[in-house]
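This briefing covers selected local features of a structure with two chains in view. Please read it alongside the sequence and the model.

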Amino acid sequence: MKDDSTQIHDANEAVASVAYRLSENIVIYPITPSSPMAELSDEWSSMKRKNLWDAVPQVAQMQSEGGAAGAVHGNLQAGSMATTFTASQGLLLMIPNMYKIAGELTPFCMHVTARSLATHALSIFGDHSDVMACRQTGFAMLASNSVQEAHDLAAIAHSATLKSRIPFLHFFDGFRTSHEVNTYQALSNEVLRQLVDEEDVRAHQRRALTPDAPIIRGTAQNPDVFFQAREAANSYYDALPGIVEDLMESFHKITGRAYKLFDYVGPDDAEELIIIMGSGAETVEQTSAWLNRKGRKTGVLKVRLFRPFSIERFVQAIPPSIRKIAVLDRTKEPGAIGEPLYQDVLSALAEARASGETPETFNPVVVGGRYGLGSKEFDPGMVRAVYDNLKTDKPRNHFTIGIVDDVTHTSLDWDKNFSIQAEDVFSAVFIGLGSDGTVGANKNTIKIIGTETDNYAQAYFVYDSKKSGAMTVSHLRFGPRPIHAPYLVGNAHFVGCHQYSFIDRFDVLDRAANKAVFLLNSPHSVDTIWERLPQEVQQTIIDKQLEFYVIDAYKVSRETGMGSRINTIMQTCFFAISGILPRDEAIEKIKNTIEKTYSRKGRAVVEKNYAAVDGTLANLHKVEIPETATSTRQMLPPVAEAAPDFVQKVTGVMLAGKGDLLPVSAFPIDGTWPVATSQWEKRRIALQVPTWEPDLCIQCAKCVLVCPHAAIRAKAYPESSMVASPEDFLSKEFRSREVKEHLYTIQVAPDDCTGCQLCVNVCPAKDRKSPNRKAINMTDLDPVLEREQKNYDYFLELPELDNSEMRLDVKSSQLKKPLFEYSGACSGCGETPYIKLLTQLVGDRLMIANATGCSSIYGGNLPTTPYTVDANGRGPTWSNSLFEDNAEFGFGLRMAVDYKANTAAGLVTALASELGDDFVQAIVANPQDSQKSIDQQRQQVLALRERLKGIKDPRARMLEPLADYLVRKSVWCIGGDGWAYDIGFGGLDQVLASGQNINILVLDTEVYSNTGGQSSKSTPMGAVAKFAAGGKARGKKDLGLIAMGYGHVYVATVAMGAKDLQTVQALAEAEAYDGPSLVIAYSHCVAHGYDLAQGLDQQKLAVQTGYWPIYRFDPRRAAEGQPGLKLDCKEPDTPLREYMNNEMRFRILQNSNPAQAKILAEEAQKQIHVRYNHYQSLATAKPEQDA
Amino acid sequence: MNVDLKTQYLGLNLPHPLVVGASPLVDSLDRVREIEDAGAAALIMHSLFEEQILMDELAEDSYVHGHEETFAEATSYFPASSTFALNPETYLERIRKIKEIVSMPVIGSLNGRTPSGWTDYASDIESAGADALELNLYFQPALHADHPAKIEEDAIKIVKSVCDRVQIPVAVKLSPYFTSLPHFVKQVAGAGAKGVVLFNRFYQPDIDIEELKTVPQLKLSESSELLLRLRWLAILKDQVSIDLSCSGGVHTPVDVIKAVMSGADSVQLVSCLLKNGAGYLSALRTQLLHWLEEHEYPSLQEMKGSMSYRNTPNPDAIERANYVKILTAAQIQDRFGPVKW
């Protein structure tokens, strides 16, 4: 029953509220999807919120999950009640300490959002492969299946660990539970006090390490005793199930909510049973009940306490009538007899049978299956298929459900249209763009319904893989009873499509039930919209008898000052036509929510939202549906016809949102994917794009350099190549000292531009008569789209200039095709221009080791990836190992390449008599220090291949596959500051120290951008970030100075917006240096909180104020008797505050805690001068002083 | 001789006319203490700009919240609790703190934009403890061709709504650009204001001829700017029964004396203090006192308005005719040498 304790949050918040209150110290590190628990803890601590013992928990961020586990271990040993939150790779890093913590019988509860482990690919989504990798650590493992359960069992786990001394891993499904918003009854402090036995707390404290009563723990033991001592704790494990059971019973008495170690749900005479852990259990329970109402005899056993596994309770929970059992595991263990839960069930049944705990007649058939890996959907249709499998005479074993396995034929078929949705549950689907506020509005909607009506409510949000122009799909349900449906909405009563362009590209009505309401945001009026729909959409509307409404939300948002935020408008439409609440009441509640949500954002935001609500209804219209579909328009194919076969058959299906339908045979077996696929994904997300004014252009190519998406390009080409150009194709004479009689064109890719405006803002060429007009100006897309599409296609066909004779500068570098294009990075991203430039300098021989983070996501997240190839088919080869090991991973690439190059050189030399001495000498002695000499080497390798054909010596055969390694490869480790400054610093330091010819590019955004802006050791003093909610009190680590300390490392700091030529030179010099190089690149980021269109000006300010001094430290200079360090910036001449005042990350603290902000700003200003003076002294020091 | 420097401004009994005008000096409590130690008669806060608050609100909405809920791993980029201070709280807190540490009157200053912004923030400033309120009436008609009468009408409405809302006395800081300043000031008085401040100094951007862009310029005032103030003080003194404050161009004791003689009840100092430090106020006061002593004025009151339009022996010197006379070629030649073209 809903009462005063009813709340509506996601499980992360529901769990954090318990963990925070039951902890003294909290150690954190960001990892998806657990980060919000850590963020909330940090925020609550900075707000001085108290725990159960009336104290404010301390929250500390560490450099990695390994560090967090170590800090937790220390806390526990010193008698503190500590907690942490993690998932996936983070959990793996904690495993060594988990053994220790368990081996020392230490009360501790950690909360894990169960997530896939990276194997053939990374997945941020949910399954049990991480927690299953911990089942041997000695931790108790407790599984929660819903938001309510995660909240409740968190409390039980904290209490049970104190009582039992066995540490707990409490887990719930990543995203599906951690991010599902649902109604739940919250536990008060009073309830928590009843659950936690203070004597257990004191007992834990008494076991603390203290010099006042010294003990020693963590000894080394020898063969004589280790084994026995390891067995000494057995009784504690034996006792644990009883302890948890008792606590669950107490909990039941206090709250009325009952849990068991193994919860059986179903009739006493059930015959078919599914055993399962996690959110899937909810789906099984609901489906089982539905089937039973139709006459089936099915049941579900929900496993809660997985470790220690109590055979006794397990068999007691299973009705003796059960004949067949399917055990479902949300993980995969290749090569094992079966997955872990399946194996445990088999063992348990066998043991119970052997010991007589089960009757002789009880001998069920047991099969195992895998489901839901990487958050694969697990819905009632799939559950039914599993039950149906059990119904057969010989149920299939080791099956999969939820995919089509057409290779090893493990998969069960299922009914995609099966639905168990109750009639009194209302469901809705909203399809929007990330930037239009759809998700935020739906969170509001669900809060209105969940808290202001008698309904229970649930919401789950699906995002696509792009950081700009991303599609979001919100799945909402509500009804008179708690919602237990952890799967996507299938038969929606309401479908809202908030972006008109989706209607041509996606099957937006796929999830609409018959007679559902369909709301479309469209620029076309009620009178014309029908004819503007694709024929397929018209037919669906007719077939499903949909009620169709249309609104021009962008018109309303423009008129009410909401810009592109149409959230409030679409939310108002939903309430107005869904009939959930009386219209006036709904509008009043929306306004109340606006007041609540936005009042802290200020009056202006509240008022414009009110205006949007008021302006909505007059623009909302119902469309009369004709009897036939008459449209001549068809939905657009996801990719162009010219796309390669794989892109057509696999990528295109994924782009259309139908990736779930692809069978196993469609996929590479080892995670290897083709490059050059982003070119086929034409997203067209910009409302305005730049257009070129040749008469003003000075051909500096700055616009091309700074474009984050390689959507504006330059080419110089012979006049003779201009054949059959489009009528409006623009060009002008190419200005160059080295290259004559060429034309020059700057061309935008209209479908790939994100409209960030960096190109326009950086353009220095202004019309003297009207300085507003530059050589590049933003123009509305629609009128120029077709023209620029044609122009861009033509532009791509023009020949590329060989720039090897040109002096290396911004202009010449930008004449090369970028081999990194159209990524999914944020609009205006500060990182990607550096990567793009790198591919223009060395792309055809570039090997990239990419640390997990933003750059690995926009660099390697499917469906399409941005790395591409040149006209010769060469281009960057890219891989991501882990977050923490990227420098080492790159080091390994270097070792492998060097070995091959050395072997090849040795073989060439050995074959000199047959190849020719001069020929061999030319190859092995080529310094390969310029584009020209590299090109020369390529020609020589081609010639070598020809000569090898005629040589019979077996060494020639050995050389053939290695010959290309004679062309120097450029190995770069790329990653963000979270990697370089924190989790990967040890490895990075090792690689720098190694002296190997390896290059490191740090894209420094000064926070963990990819996981949402958590503080790193690069975060500057005075900035507010997640995990530094009270403002970062210490300065940024000077990574460059540390690296310079080695003396043999090339080090540069760059800021493209401040001095682009220096950036080009630094990357080129780093690449050319035969030793380790470190380039730290200032990367503006949405996490800094300002309009990124101004990002380059802010970079300039960063250098002028001394916030980001740019320099190059070149050991080669030192070797020539010069100071190694060369400052590329002037002495700071602008106060730091001018930089800080532009960014919300600093201004938030200036407002929330002005006194602290002032102290930190003054200290930061002081440090700037100290640092500059230090650099200045290094830049003028004699070389012997450099090292 | 014991000269009485006392004056009344906005109903406040001030020991002398030298008050510290709206400036960033109030940002530091240490500076505020120095100002009081230097003997300032009152302190005027810098303006609370509603427009700035609104812009910050919208910026935060756009740059902090605009990126939320777009990507599964990063549904936000800032701590949920961290909102930019989107209300006047910081400003109000500053008034409270200043009131705690000083005994001189503290006058709030407000530049509103929306009707409710003017009245609500005025009320907030009063609640925070301000002894009076200066309304910084600043309009930017450049972008909209509004009828001037409409602009004046709207301004008077604002003054009236604020005066109706608060109990503390209200002054209105004006620009000199009114077709009929006396007429407008009369309406201001009729709306309930107790004083006017002459004049606001506007932000006037400069032009960078190389980069072809406008650049912000911040220049301190100079004594030459005082002449405009003196002229209108002198005219208004006789026509309107309202307190007058001179703001802009007061740098020397003579400037102070001229302002008071023209009719100022208080004289606001900013640029000269920024240049010379808070102690300069004390020096000005002493020199003012000495001048009055030397010239045997028993009180400041005796001098106040003595050079107003009506009192001055040659009132036409204040009017337009004077302009013609000064600009004769002969006069220019006398002052600047022969005209060369």
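A residue counts as buried if 20 or more other C-beta atoms lie within 10 Å of its own, the C-beta atoms being placed from the backbone. By that cut-off, 46% of the 341 residues in chain B are buried. The model is predicted, and the points below are grouped by topic.

**Contact between chains A and B**

- On the side of chain A, 38 residues are in contact with 33 residues of chain B.
- Elements of chain A that give two or more residues to this side are α2 (35-46), α15 (438-452), α22 (603-616) and α42 (1144-1152).
- The most comes from α42(A), which gives five residues to the side of chain A that touches chain B.
- By class, the side of chain A that touches chain B has 16 nonpolar, 13 polar and nine charged residues.

**A six-stranded sheet in chain A**

- An open sheet of six strands in chain A has the order β9-β11-β10-β13-β14-β15, with mixed pairing.
- β9 (262-265) and β15 (399-401) of chain A are at the edges and have a single partner strand each, so one side of each has no neighbour in the sheet.
- On average, neighbouring strands of this sheet are turned by 25° against each other, direction ignored.
- Strand β10 (residues 272-276) and strand β13 (residues 324-329) of chain A run parallel and are joined by four bridges.
- Within this part of the sheet, A:Ile274 stands opposite A:Ala326 of β13(A).
- Helix α13 (residues 340-354) of chain A packs on the sheet, where it touches β10, β11 (298-303), β13 and β14 (365-371) of chain A. The direction of α13 makes about 145° with that of β13(A).
- Helix α14 (residues 380-391) of chain A lies across β10, β11, β13, β14 and β15 of chain A, and runs at about 145° to β13(A).

**A helix pair in chain A**

- Helix α20 (residues 567-578) and helix α21 (residues 583-598) of chain A have axes that come within 9 Å and cross at roughly 150°. Angles over 145 degrees count as roughly antiparallel, so α20(A) is roughly antiparallel to α21(A).
- The crossing of α20(A) and α21(A) is right-handed.
- From α20(A), the residues A:Thr568, A:Gln571, A:Thr572, A:Phe575 and A:Ala576 meet A:Arg583, A:Ala586, A:Ile587, A:Ile590 and A:Ile594 of α21(A).
- The contact of α20(A) with α21(A) has six nonpolar residues, three polar and one charged.

**Chain B: overall content and a helix pair**

- Chain B has 13 helices and 13 strands.
- Of the contacts in chain B between residues at least 6 apart in sequence, 72% join residues at least 24 apart.
- Helix α7 (residues 226-239) and helix α8 (residues 253-262) of chain B have axes that come within 8 Å and cross at roughly 25°. Angles under 35 degrees count as roughly parallel, and α7(B) and α8(B) are therefore roughly parallel to each other.
- The contact uses B:Leu226, B:Arg229, B:Leu230, B:Leu233, B:Ala234 and B:Lys237 from α7(B), with B:Asp255, B:Lys258, B:Ala259 and B:Ser262 from α8(B).
- Five nonpolar, one polar and four charged residues make up the contact of α7(B) with α8(B).

**Two buried residues in chain B**

- B:Gly117 lies in helix α4 (residues 115-127) of chain B and is buried, with 22 other C-beta atoms within 10 Å.
- B:Gly117 and B:Glu50 are 67 residues apart along the chain, yet their C-alpha atoms are separated by 6.6 Å.
- B:Leu43, in strand β4 (residues 42-44) of chain B, is buried, with 23 other C-beta atoms within 10 Å.
- Beyond four places in sequence, the contacts of B:Leu43 include B:Val19, B:Val26, B:Ile35 and B:Met104.

**Backbone features**

- The peptide bond joining A:Leu862 and A:Pro863 is cis, with omega about 10°. A:Pro863 is in the loop between α29 (854-860) and β31 (877-879) of chain A.
- A cis peptide bond also runs from B:Leu198 to B:Phe199, with omega near -5°. B:Phe199 is in the loop between β9 (195-198) and β10 (206-208) of chain B.
- A:Ala701 is not a glycine but has a positive phi of about 65°. A:Ala701 counts as buried, with 23 C-beta neighbours inside 10 Å.
- A:Tyr822, also not a glycine, has a positive phi of about 50°. A:Tyr822 is buried, with 25 other C-beta atoms within 10 Å.

Note on methods:
Residues are numbered from 1 along each chain as its sequence is written. Chains are lettered from A and ligands numbered from 1 in the order in which they are written. This is a predicted model: local features need pLDDT of at least 70, side-chain atom pairs count only at pLDDT 80 or more; totals for chains, interfaces and linings use all residues. Axes are lines fitted to C-alpha atoms, for helices over the stretch in contact, and angles run from 0 to 180 degrees between N-to-C directions. Angles under 35 degrees count as roughly parallel, over 145 as roughly antiparallel, 65 to 115 as roughly perpendicular and the rest as oblique. A crossing is left-handed if the near helix is turned anticlockwise from the far one by less than a right angle, and right-handed if clockwise. Two residues are in contact if their C-beta atoms, placed from the backbone, lie within 7 Å. Ala, Val, Leu, Ile, Met, Phe, Trp, Tyr, Cys and Pro count as nonpolar, Asp, Glu, Lys and Arg as charged, and the others, Gly among them, as polar. Two strands pair if DSSP finds at least two bridges between them. A residue is buried if 20 or more other C-beta atoms lie within 10 Å of its own, exposed if 12 or fewer, and partly exposed in between; C-beta atoms are placed from the backbone.
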